[in-house]
Amino acid sequence: MATRGLRARLSSIIGRIFGRPARRTARRAGPGDFRGTPKISYTPNPGNGAVADPGEIVWTWVSFEEDHRKGKDRPVLVIGRDGPWLLALPLTSKDHNHDAALHPHGRSQWTDIGSGPWDRRGRASAVRVDRILRVDPAGVRRQGAVLDKSRFNKVAAAVRSAG
């Protein structure tokens with residue numbers, strides 16, 4: 001247990017120094033996606049450094065929906081907690097406007113949040129509101145930014161509508 005915590009802390013430090021998430025060689029099965037209606041809160045406190053708080057955008061491992069053994073490092077917006085887990089929503093800078101033709105729920109599964117310091121290239125981002133991840137706090141490798149309260153509230157409303 002202490003080794004995992006030390007590894008996560010070192011990885012977080014490396015990410016802050018180099019401005020990117022550190023690579024991890026071994027992946028273990030995560031806690032799976034959250035089901036149900038989450039309790040959403042906005043309590044960012046990036047200065048605490050130890051654990052990400054709701055309202056913060058951080059980097060972590062996100063498993064693919066179709067195969068939870070595979071995934072990639074990506075930014076997520078923390079929206080709450082579920083016991084020991086953080087509840088988070090994946091971000092993307094990919095344009096999902098074409099989704100309306102491909103998926104029954106179309107573009108509504110994504111909520112635009114614009115650009116911010118979480119993306120080094122300043123690209124506009126969107127948050128996926130119909131997939132809530134449970135994230136191990138020890139797996140958070142870098143804190144990217146705090147989303148302002150008005151954009152967070154827009155995302156929270158979209159999550160409630162999607163549920």
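Guide: The protein exposes about 9100 Å², with carbon and sulfur atoms supplying 54% of that area. Accessible areas come from the Shrake-Rupley method with a 1.4 Å probe; for residues, only the protein chains shown count as cover. This is a predicted model, where local features need pLDDT of at least 70 and side-chain atom pairs count only at pLDDT 80 or more, while totals for chains, interfaces and linings use all residues. Residues are numbered from 1 along each chain as its sequence is written, and side-chain values use heavy atoms, leaving out hydrogens and water.

Visitor: How many helices and strands does the protein have?

Guide: Helices (H or I, at least four residues) and strands (E, at least two) are DSSP runs, numbered from the N terminus. Here there are three helices and seven strands, in the pattern α-β-β-β-α-β-β-β-β-α along the sequence.

Visitor: What share of the 163 residues is buried?

Guide: Buried means under 20% relative accessible area, exposed over 50%, and partly exposed in between (1.4 Å probe, protein chains only). Buried residues make up 44% of the 163 residues.

Visitor: Which residues have the most contacts inside the largest nonpolar core?

Guide: A nonpolar core is a set of buried Ala, Val, Leu, Ile, Met, Phe, Trp, Tyr and Cys residues joined through side-chain atoms within 4.5 Å. The largest one has 20 residues, and Leu-77, Ile-79, Ile-113 and Val-155 have the most contacts inside it. Strand E2 (71-82), strand E3 (85-92) and helix H3 (149-162) each give it two or more residues; H3 gives the most, with five. Apart from this core lies another, of ten residues, including Val-76, Val-78, Ala-88 and Val-135.

Visitor: Why do the buried residues of H3 line one face of the helix?

Guide: An α-helix has 3.6 residues a turn, so residues three or four places apart point the same way. In H3 the buried residues are Phe-152, Val-155, Ala-156, Ala-158 and Val-159. Seen down the axis of H3, they fall within an arc of 165° (taken from the directions from the helix axis to the C-beta atoms), so they line one face. The face turned away from that buried side carries the exposed residues Ser-150, Arg-160 and Ser-161.

Visitor: What do the buried residues of H3 pack against?

Guide: Contact means heavy atoms within 4.5 Å. The buried residues of H3 pack against E2, E3, strand E4 (110-114) and strand E5 (125-128).

Visitor: Is Asp-119 buried or exposed?

Guide: Asp-119, in the loop between E4 and E5, is buried, with a relative accessible area of 12%.
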